[in-house]
Amino acid sequence: MPSSWRIVKEAWSHAAFTGEGSRRWPGRWNSRGIPVVYTAENRSLAILETLVNFEGTERSRLPPCVLFEARFDARLVEAVVPAMLPPGWDAYPATPATREFGDRWVAELRTAVLRVPSVVTRGEVNYLLNPSHPDFERIEIQRPDPVLWDSRL
């Protein structure tokens, strides 16, 4: 059974899998108003993906965070590779075309999970979870553990 990992501020752990944060603030794969849950294929990628979003924050000032594991059946996953994505999908900041790609996936309810390439670490992947999909309830969310930030990061 595949799994993915999500880090959130401890204060928001109750809403970690609602998509509320991405609904309010657009991400690479979604526009404002579209709920998506961003997860990574392993713990270390989840840490890197989180740290890039805390850009400019001293590591000693990072807020308390927790790490969740989400387990899901492989049949719930649609996988995409860079050749299937719009040009500039890996640009910073994210392009409207990339957001539209994710928005279509959410709106069409194609799958509960979308496997996409990571921009932060080439060759690794992230998993987007669609909380609006009927199969979302089949994703098993494990209890969170505190994130212990290594001071060398």
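This is a predicted model: local features need pLDDT of at least 70, side-chain atom pairs count only at pLDDT 80 or more; totals for chains, interfaces and linings use all residues.
We begin with the largest pocket, which has a volume of about 1,400 Å³. Of the 41 residues that line the largest pocket, Arg6, Gly27, Tyr38, Glu49 and Asn53 are the closest to its centre. Several elements, namely strand 1 (3-9), helix 1 (20-24), strand 2 (37-40), helix 2 (43-53) and strand 6 (125-129), each supply at least two residues of this lining, and by type the lining residues divide into 23 nonpolar, 10 polar and eight charged.

Leaving aside residues up to four places away in sequence, Phe72 touches Met1, Pro2, Ser3, Ser4, Val77, Val113, Tyr127 and Ile139.

The aromatic rings come last, and a search of the whole structure finds four aromatic pairs. In one of them, the rings of Phe17 and Phe68 have their centres 5.3 Å apart and their planes at 85 degrees, so the pair is edge-to-face, the cut-off being over 60 degrees. Because Phe17 lies in the loop between strand 1 and helix 1, while Phe68 lies in strand 3, the pair ties together parts that are 51 residues apart in sequence. Phe17 counts as buried because its relative accessibility is 12%, and Phe68, at 6%, also counts as buried. Elsewhere, Trp29, Trp89 and Phe101 form one aromatic cluster.

Terms used. Residues are numbered from 1 along each chain as its sequence is written. Side-chain values use heavy atoms; hydrogens and water are left out. On a 1 Å grid over the protein atoms alone, a cavity is a set of points where a 1.4 Å probe fits but cannot get out, and a pocket is an open set with protein on both sides within 12 Å along at least five of seven lines; lining residues have an atom within 4 Å of a point. Grid points are joined across faces, edges and corners, and a volume is the space filled by probe spheres set on the points. Helices (H or I, at least four residues) and strands (E, at least two) are DSSP runs, numbered from the N terminus. Ala, Val, Leu, Ile, Met, Phe, Trp, Tyr, Cys and Pro count as nonpolar, Asp, Glu, Lys and Arg as charged, and the others, Gly among them, as polar. Contact means heavy atoms within 4.5 Å. Rings of Phe, Tyr and Trp (its six-membered ring) pair if their centres lie within 6.5 Å; planes under 30 degrees apart count as stacked, over 60 as edge-to-face and the rest as tilted. Buried means under 20% relative accessible area, exposed over 50%, partly exposed in between (1.4 Å probe, protein chains only).
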